[in-house]
Amino acid sequence: MAVFTEVSSEEAGALLSQLALGRLLELRGIHGGIENTNYFATTERDGAQHEYVLTLFERLSFEQLPFYLHLMKHLAARGIPVPDPAANRDGDILHTVCGKPAAVVNRLRGQSELAPGPSHCAAVGEMLARMHLAGLDYERRQPNLRGLPWWNDTVHKVLPHLDVAQATLLRSELAYQNHVAESAAYKALPRGPIHADLFRDNVMFEGDRLTGFFDFYFAGVDSFVFDLAVCLNDWCIALPTGEADVERSAAFVQAYAAVRPLTAAERQLLPAILRAGALRFWISRLWDFYLPREASLLKPHDPTHFERVLWQRVQHPLRAVDLLEAVAE
């Protein structure tokens, strides 16, 4: 959520007016993130103030974006608390600002929980399972654009920036994930639309109550267990070391499985997919750190964090059966 494209109040106000969202009072660039240009917009309508998020898409194309925007519409209509893209009088939810594709969504209530406990992890696990089930009848299809093909294409771009030990780990893990992807168990994994980036800062809480998931612009059709692994690698670890927190991990998996039970293939491959989730974000952070784009407010994430997470997942596999048994005790 950096600012790559400067948007004037006049340009933003014109779009908000076309969407019947009110008169623009304030436009504020959002810090953090690395993919799109994002602004908070405060409007006045019917004597009250309203909060929205204006996003200009810097990498995603007009052809790719309907998948994400209509997915949010689909989930919102099924009771999943996600941002709902605003439509113009013609029903269009994909707009143009400064010559770039753009969308406006309602700003969710609450704030991110950056120090989650087991109850927060359970709430996210339950809602993630509900989201996966709600997306089963979503008809649009688009692959996870940051999946295995992207890892294979991107690794050679970051290898020159690594030391020998890092390069060895990266190459060996990529080879392992390509091997896993050829297995019968991997091909049997249940699939559908996933969030693929549901970190702590992409979920909102009011107290202990989960109020929403947002930032769906890495979503795609992939294995549900990959979504679960991405979450476990962020919500259920000690951030300084990357070490798994078994209590939080068990709470997350139990709550998820109570809504959508894990299949045999998912249970079998959870340790491997946890490694895949760590690899995906290590590669993308290396790419963003060493090959950054210019942007106002842009601050790349530290890539060594997911290097540590990957080492932990390789050296200390976390099995689904252990988590489910720990919960049952």
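Trainee: In this predicted model, in which hand of crossing does H5 pass H10?

Mentor: Two packed helices are described by the angle between their axes and the distance between the axes. Here the axes of helix H5, residues 164-181, and helix H10, residues 304-315, come within 12 Å, and the crossing in which H5 passes H10 is left-handed.

Trainee: How are H5 and H10 oriented to each other?

Mentor: The two axes cross at roughly 60°, and angles from 65 to 115 degrees would count as roughly perpendicular, whereas those under 35 degrees would count as roughly parallel. H5 and H10 are therefore oblique to each other.

Trainee: How many charged residues does the contact of H5 with H10 have?

Mentor: On the H5 side the contact is made by Gln166, Leu169 and Glu173, and on the H10 side by Glu307, Leu310, Trp311 and Val314. Sorted by class, these comprise four nonpolar residues and one polar residue, and the number of charged residues is two.

Trainee: What is the volume of the second largest cavity?

Mentor: The structure holds two cavities of 30 Å³ or more. For the second largest cavity, the computed volume is about 30 Å³.

Trainee: Which helix and which strand each supply at least two residues of the lining of the second largest cavity?

Mentor: The lining consists of Leu71, Leu75, Met131, Gly135, Pro193 and Ile194, and by class it divides into five nonpolar, one polar and no charged residues. The elements that each supply at least two of the lining residues are helix H2 (65-77) and strand S6 (191-194).

Definitions and conventions: Residues are numbered from 1 along each chain as its sequence is written. This is a predicted model: local features need pLDDT of at least 70, side-chain atom pairs count only at pLDDT 80 or more; totals for chains, interfaces and linings use all residues. Side-chain values use heavy atoms; hydrogens and water are left out. Axes are lines fitted to C-alpha atoms, for helices over the stretch in contact, and angles run from 0 to 180 degrees between N-to-C directions. Helices (H or I, at least four residues) and strands (E, at least two) are DSSP runs, numbered from the N terminus. Angles under 35 degrees count as roughly parallel, over 145 as roughly antiparallel, 65 to 115 as roughly perpendicular and the rest as oblique. A crossing is left-handed if the near helix is turned anticlockwise from the far one by less than a right angle, and right-handed if clockwise. Contact means heavy atoms within 4.5 Å. Ala, Val, Leu, Ile, Met, Phe, Trp, Tyr, Cys and Pro count as nonpolar, Asp, Glu, Lys and Arg as charged, and the others, Gly among them, as polar. On a 1 Å grid over the protein atoms alone, a cavity is a set of points where a 1.4 Å probe fits but cannot get out, and a pocket is an open set with protein on both sides within 12 Å along at least five of seven lines; lining residues have an atom within 4 Å of a point. Grid points are joined across faces, edges and corners, and a volume is the space filled by probe spheres set on the points.
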